[in-house]
Amino acid sequence: MTKPFRVIDTKVRPCREQMAFDQALIECHKAGEIPDTLRFLTFPPSVLVGRHQAISQELNLDACREAGVGIGRRITGGGALYLDEGQFGWELIFSKQTLGLTNLGDVARALCEACAAGLSKLGVAVKYRPRNDLEVEGRKIGGTGGFFDGDTIFYQGTVLVDMNGAKMASLLNIPAAKLAKRGQTSGAQRVVTLTELFDGAPPPVDEIKQAVMEGFREGLGIDPQWGEISEAEEATARRLFDEEIGQDEFVYSIDDPAHPSDVRSGGFTGQGGRIAAHVRLEGPLQNRIREIVVTGDFFVTPPSTILDLEAALRGVMVDELEAEVERFFAEAKVGLLTAAPADFVRAIRNAIEGAEVYETAE
């Protein structure tokens, strides 16, 4: 039997309002106020950093402000994005029991493969590339990410219908090493749009959204039907915007942790993404962790996990790092999307050893 999903579209809203609505969906779903839902959304020109990213390291903030684009922080992990009316987002908010998916890797694969199959109905061969991309012949046409919050799963993605690649490259600080790994020299070469694939005449956006819905219908066994946005969602989104997500304090909450002179920085990039650590040590032998900040484009659920890890490592002796990280992840009820506890250990160890060591797995 297919499982009903309400479908809504919040259209074009400022990026921070869209992010507040994300959290409102989660809170309302957890409270039983809304059913399992598929949401579409669109942004005015905006840049968004992932939940755990250091904003000054990921964005050219001067260029962003000069261009007048919105600047926001997602509630999900992953990397920085440029979005405008040329792309749209999709999101699924549902209970674990609905699809029987209980870990983040299975969620990513199931939803990405279903979305790829739907987009392929348009006449392009879209494939899922682990850990969280949708690609056409090796070029990205959409990115995804999400997390669990109790029994509620929140997972989102984008579809690139059109994009100003030069503008994207001017606003985002795209790591040169990430591009070199793929033999590319600019961020624009890494992506492809439906406009390019259809020689300047892509299908109408409503047709693309319908294809995505059909992909989810067939691939996930759900029954998506258009519904209404509730007042509870709108009211909750307004409150969250005013209290946190719409405010600069939240957006710039992780800014430039490597700046103070006594901070040691390092990192590790593996299958689970880039993990950077910024550590202050204390004690006569500088062998105890005083403070630590962990950033990067990895995915972890729930998002508060990294704050909990940072708290757990304060006061830990350096030679006890590995054991403490392993203990933390063994006891915490968290989900990791291909990143492993050992990856966090390597990033933190590289930071402690200093000299800006950023190691990449072969």
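Trainee: What is the relative accessible area of Asn350, and does that make this residue buried or exposed?

Mentor: Asn350 has a relative accessible area of 8%, so it counts as buried, where buried means under 20%, exposed over 50% and partly exposed in between, with a 1.4 Å probe and protein chains only. Please keep in mind that this is a predicted model, in which local features need pLDDT of at least 70 and side-chain atom pairs count only at pLDDT 80 or more, while totals for chains, interfaces and linings use all residues. Residues are numbered from 1 along each chain as its sequence is written, and side-chain values use heavy atoms, with hydrogens and water left out.

Asn350 belongs to helix α15, which covers residues 341-353; helices (H or I, at least four residues) and strands (E, at least two) are DSSP runs numbered from the N terminus. A polar atom of the Asn350 side chain lies 2.9 Å from the backbone oxygen of Gly267.

The crossing of α14 past α15 is right-handed, a term used if the near helix is turned clockwise from the far one by less than a right angle, whereas anticlockwise gives left-handed. On the α14 side the contact (heavy atoms within 4.5 Å) is made by Leu321, Glu322, Val325, Glu326 and Phe329, and α15 contributes Pro341, Ala342, Phe344, Val345, Ile348, Arg349 and Ile352. Of the residues in this contact, nine are nonpolar, none is polar and three are charged, where Ala, Val, Leu, Ile, Met, Phe, Trp, Tyr, Cys and Pro count as nonpolar, Asp, Glu, Lys and Arg as charged, and the others, Gly among them, as polar.

For contrast, consider two residues elsewhere. Lys11, placed in strand β1 (residues 3-12), is exposed because its relative accessibility is 52%, and although this residue is not a glycine, Lys11 has a positive phi of about 55°. Gln286 sits in the loop between β13 (273-282) and β14 (288-296), and counts as partly exposed because its relative accessibility is 36%.

Technical notes: Polar contact = N/O pair within 3.5 Å; in protein donor to acceptor, adjacent residues only side chain to side chain.
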